[in-house]
Amino acid sequence: MSKKKTIVTASGEMVRKKPLSLRIWNNRGYYLMFIPVLLFILVVKYWPMLGVRWSFYNYKPIGTPKFVGFDNFEKMFRTGDFWTAFKNTLVLSVMKLLLTTFASVIVSVFINEMGNLFAKKSLQTIIYLPHFLSWAVVASIFTMLLSTSVTGTVNGILKDWGLITEGINFLSDKKLWRPVFYVINIWKETGWGTIIFLATLAGINPELYEAADIDGATRLQKIRFVTMPALSNTIITVLILNLAKVMNMFESVFVLYSPVVYDKADVISTYIYRQTFGSAMPNYGYSTAVGLFKALVGGALVLICNYLSKKTRGRGIV
Amino acid sequence: MAKSEVAGRKKKFGLFDAINYLVFIIVALIVVLPIWKVVVDSFNAVGVYKFLLWPTEPTLGGYKTIIETQGLYRPFLNSIITTVVGTLVGLAIATLGGYVLAQEDLPGRNILAYMLLFTMIFAGGMIPEYLVMKKLHLVNSMWILVVTHGINVYNLVLMKNFFEGIPASLYEAAKIDGCSPMGIFFKIVLPLSKAALASIGLMFAVTIWNDYSTVKIYITNPDQTNFQYKLRNMVMDGDTPVTSYAVSQNTLFNAGIMAAILPFMIAYPFLQKYFVTGVNIGAVKE
């Protein structure tokens, strides 16, 4: 117990620790510097948390909020559109995650096999680029490429090849929206995803490849038995890290969906948005309840992924 | 790694290398072609569906329309203002917070750290946030972008990790010389952190510049929107503030996309390493 009052200095001697009040006073400079941070955190993060209580109210833009208990949650669980949005969130996020990770791994392996350093660096510079384009820009670019007008490239080329006669409305077709969404995501994020895999590949012990050479392994065998096993841990890490963000899917869908494809595209966040801002007399209580559901599932996922991350690689994600 | 490459690639150019080059070219084309089409079409007076290497009827009309139409240049200016101010505020908060949390024996440090980390697990959500911002009169004001992006816990933690890498002896020496925490921050910590400031500053800038949904949620007044919002509405919802086109609609749309990505395109080749190190501060730190 006496240990509490003493600390061990770098040189190993035990000294009495100063009383807490004095230590706080001595560090006052740091606390002062933290005030702006605290202000931002309290206003932008913690104040809205108090607003979670509105999920138990009937809260309209006009009139005073009325306490209604769990009514909003009951309504939510009875609403088909909510379940559609929940299911779509999971399907779109997980599929997107698997597809872009897969594409990133493949491209990383090819980049790693490239001997020409200039080609390697150039390709990296090029494929990182789409990650920095906004979703509004990416949506604009692909809307124009996929448009049915005379300037729509994809339809134009398909017509030239004689594959179709009528233009296809890719972004407002229930069957095609999801595949198109995945393709756009792959286009945007594959390159960026390679960074972490390339860092892992750069760390592979060269002796492993040399040993494989001595054993007479072919390039493909080296990829199969040296490169891929080295990547497996990183793949798991990437999947865990991104699984925590599954519920966050918003802007990418927000810029690309339209009423025709709500069935296949609507996610929780876009559902909340429409319930609130798409109606003349919204019930903020209901949207807050849906938001609370999303936050709780999202928070649970973060904690689960944090636990998995600690298990698999020895450090958490938060 | 370098050694193994030299040893491994001495063999003659084989089938595998040929395939590899082919894949490289295809991947590069897939990424570049859509962007190149935007570049060419923005300078081309007529809209065609084909990929062109060069404009057939060169014009600057699309860009001219953007510069001359208030409904278009106003959002563009708003984007610049909010990005610059937001990046400065964001950096200030991230560095201050990171610096304080990097002080290992600061009483109460853990409480502050957990307070920040909790916000990464739970959030009030879109609507409670909206109601708070409404109370603060930030609805329908472009400063909402500065306020909501000003605090970024992830970037703050990255800064903290970076600061923890600065040798403690430097702090100790300054403290013995009677330097205040603020003095150490400005005289020692910040000058040593230029690379981290650059990469995290870029992360802030890109995030704020690219933001569409915050504007869509909070702002209905056209004078307060940013360029991403305007662009998306113009291209996808046909909400064009121009009644008579000096150029084809296709040219204007593509010029709009160019305007939205131009600041980034100009900076990217020079600052690429900072764009990329941002991830590495977080990912590689063990």
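## How the two chains meet

In this predicted model, 79 residues of chain B are in contact with 80 residues of chain A. On the chain B side, the residues touching chain A comprise 55 nonpolar, 17 polar and seven charged ones.

One place to look at is a pair of helices from the two chains. Helix α2 (residues 28-50) of chain A and helix α5 (residues 109-121) of chain B have axes that come within 11 Å and cross at roughly 35 degrees. The crossing of α2(A) and α5(B) is left-handed. Phe34(A), Ile41(A) and Lys45(A) contribute from α2(A), and they meet Leu112(B), Met115(B), Leu116(B) and Thr119(B) of α5(B). By class, the contact of α2(A) with α5(B) has five nonpolar residues, one polar and one charged.

## The nonpolar cores

The largest nonpolar core has 116 residues, and those with the most contacts inside it are Val137(A), Val290(A) and Ile257(B). Helix α14 (residues 249-283) of chain B gives the most to this core, namely ten residues. Which residues does Ile257(B) touch, leaving out those up to four places away in sequence? They are Val137(A), Ser140(A) and Ile141(A) from chain A, along with Val38(B) and Leu231(B) from chain B. There is also a second, separate core of nine residues, and its members include Ala103(A), Ile111(A), Ile127(A) and Val27(B).

## Helix packing inside chain A

Now turn to α14 of chain A, which spans residues 284-313. Its packing against helix α10 (residues 219-243) of chain A brings the two axes within 8 Å, at a crossing angle of roughly 160 degrees. An angle over 145 degrees counts as roughly antiparallel, so α10(A) is roughly antiparallel to α14(A). α10(A) passes α14(A) in a left-handed crossing. From α10(A), the contact uses Ile236(A), Thr237(A), Ile240(A), Leu241(A) and Leu243(A), while α14(A) supplies Leu301(A), Cys305(A), Leu308(A), Ser309(A), Thr312(A) and Arg313(A).

Helix α13(A) also packs on α14(A), with axes 9 Å apart and an angle of about 170 degrees. The two helices are therefore roughly antiparallel to each other. Here Ile268(A), Tyr271(A), Ile272(A), Gln275(A) and Thr276(A) of α13(A) meet Tyr284(A), Tyr286(A), Ser287(A), Val290(A), Gly291(A) and Lys294(A) of α14(A).

| α10(A) with α14(A) | seven residues | three residues | one residue |

Is helix α6 (residues 126-135) of chain B mostly covered or mostly open? It is mostly covered, with seven of its ten residues buried. Those are Met126(B), Ile127(B), Pro128(B), Glu129(B), Tyr130(B), Val132(B) and Met133(B). Their cover comes from both chains, including α2, α13 (268-277) and α14 of chain A together with α7 (144-150) and α12 (213-218) of chain B. Just after α6(B), His137(B) takes a positive phi of about 60 degrees.

Finally, Lys175(B) sits in helix α9 (residues 168-176) of chain B. Lys175(B) counts as partly exposed because it has 13 C-beta neighbours inside 10 Å.

Key
Residues numbered from 1 in each chain as written. Chains lettered and ligands numbered in written order. Predicted model: local features only at pLDDT ≥ 70, side-chain atom pairs only at ≥ 80, totals over all residues. Axes fitted to C-alpha atoms, helices over the stretch in contact; angles between N-to-C directions. Helix = DSSP H or I, 4+ residues; strand = E, 2+ residues; numbered from the N terminus. Parallel < 35°, antiparallel > 145°, perpendicular 65-115°, else oblique. Left-handed = near helix turned anticlockwise from the far one by under 90°. Contact = placed C-beta atoms within 7 Å. Nonpolar A, V, L, I, M, F, W, Y, C, P; charged D, E, K, R; others polar. Core = buried A, V, L, I, M, F, W, Y, C linked by C-beta atoms within 7 Å. Buried ≥ 20, exposed ≤ 12 C-beta atoms within 10 Å, placed from the backbone.
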